[in-house]
Amino acid sequence: MITLNKLTKSFGARTLWEDLDLSVEPGRMLALVGASGSGKTTLLNCMGLLERPSGGSVRFRDTDVTRLGPGGQRRFRRDHLGYLFQDYALIENATVKANLDVAARRGDRSDTAEALERVGLGGREKEKVHHLSGGEQQRVALARLIVKRPSLVLADEPTGALDHANGAMVVDVLRRMSREGRAVVIATHDDAVRDACDVAFDVSTLRMFSPH
Ligand SMILES: Nc1ncnc2c1ncn2[C@@H]1O[C@H](COP(=O)(O)OP(=O)(O)O)[C@@H](O)[C@H]1O
Ligand SMILES: [Mg+2]
C-alpha cells in the first residue's frame with residue numbers, strides 16, 4: 001500500500017534518519033517506536049505529505065506521492081488518508097455531528113450515529129466540540145476516521161491523552177480498521193499499543209521487529 005524508499009529527513013545539519021526503507025501492506029498495523037525526538041511524528045508527516053522528506057520517495061500504490069503537484073497531493077489526502085493527530089484537529093466551534101459530516105462523502109452521512117456509538121459517544125451529535133474533554137475530542141476524531149474509511153490511517157500517539165479503557169478502545173477501533181483491509185501506522189511510546197500491532201519499526205535504529 002505505502003512504501004518508503006531511502007527516505008531521509010534533515011533539519012539543517014541534523015539528520016533525523018537516512019535511507020529509511022519501510023512498507024506497510026493493507027490489513028497490517030504497524031507501530032512506529034523510538035525515543036522522543038527520534039522522528040516518529042516527522043515520519044508520519046512525511047507519509048501524510050504534511051512535510052517534505054529531504055530525500056527518497058513515498059510510494060502509494062505505485063505513485064510517488066511526493067512528486068504530485070498541490071492538487072494531486074490534496075486529492076491523495078482527501079481520498080486515501082486518515083490522520084489521527086495528537087491535537088485532534090477538530091473544528092472546535094462546531095458540533096460533534098458537523099465534525100463527522102466533513103469526513104462523510106456527500107449524501108452518505110447515515111453512519112455518523114453508529115460511529116459515535118462505537119467510540120462511546122452515542123447521542124452526543126449536537127454538542128459543541130469545545131465543550132468536550134480532551135479524551136472525548138480524541139474519540140470524536142476517531143469517529144471521524146470510522147466515517148471516512150481511509151485506505152491509509154496515520155495515528156500520532158493516539159492514546160496519549162486517554163485513560164486506560166479509552167486507550168484500549170482506540171486500539172480496538174484501529175485494529176478493526178486494519179482487519180477491514182486498511183493499512184494502519186501508529187507512532188507510539190505506549191508499550192500496550194505497540195504490542196497490539198503486527199509489527200514494529202524503531203525509528204532510532206531503522207529496525208523492524210516483532211512486538212510479540
Ligand atoms: N520544522 C522543524 N524544524 C527543525 N527541527 C524540527 C522540526 N520539526 C521537528 N524537528 C525536530 O526533529 C526531531 C524529531 O521530532 P519528532 O518527529 O517530533 O520526534 P518524535 O515524534 O519521535 O518525538 C526533534 O528534535 C524536533 O525538535
Ligand atoms: Mg511525536
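Modeller: Two strands count as paired when DSSP finds at least two bridges between them. The model discussed here is predicted.

Biologist: Which residue in the turn of the β9 and β10 hairpin has a positive phi?

Modeller: Four residues lie between the two strands of this hairpin. One in the turn has a positive phi of about 60 degrees: Leu 206.

Biologist: What is the bridge partner of Val 33 in β9?

Modeller: Strand β3 (residues 29–33) and strand β9 (residues 199–202) run parallel. Four bridges join them. In β9, Val 33 has as its partner Asp 202.

Biologist: Which residue stands opposite Gly 55 in β4?

Modeller: β1 and strand β4 (residues 55–60) run antiparallel. Five bridges join them. The residue opposite Gly 55 is Thr 8.

Biologist: Is Asn 5 buried, exposed or partly exposed?

Modeller: Asn 5 sits in strand β1 (residues 2–11). It has 15 C-beta neighbours inside 10 Å. Buried needs 20 or more, and exposed needs 12 or fewer. The count falls in between, so Asn 5 is partly exposed.

Biologist: How many Å separate the C-alpha atoms of Asn 5 and Asp 21?

Modeller: Asn 5 touches Asp 21, and also Gly 56, Ser 57 and Arg 59, leaving aside residues up to four places away in sequence. Asn 5 and Asp 21 are 16 residues apart along the chain. Their C-alpha atoms are separated by 4.8 Å.

Biologist: Which helix gives the most to the shell around ligand 1?

Modeller: The residues around ligand 1 include Phe 11, Leu 16, Gly 34, Lys 40, Thr 41 and Thr 42. By class, the shell has two nonpolar, seven polar and one charged residues. The helix that gives the most, with three residues spanning part of 40–47, is α1.

Conventions. Residues are numbered from 1 along each chain as its sequence is written. Chains are lettered from A and ligands numbered from 1 in the order in which they are written. This is a predicted model: local features need pLDDT of at least 70, side-chain atom pairs count only at pLDDT 80 or more; totals for chains, interfaces and linings use all residues. Two residues are in contact if their C-beta atoms, placed from the backbone, lie within 7 Å. A residue is near a molecule or strand if its C-beta atom, placed from the backbone, lies within 6 Å of it. Ala, Val, Leu, Ile, Met, Phe, Trp, Tyr, Cys and Pro count as nonpolar, Asp, Glu, Lys and Arg as charged, and the others, Gly among them, as polar.
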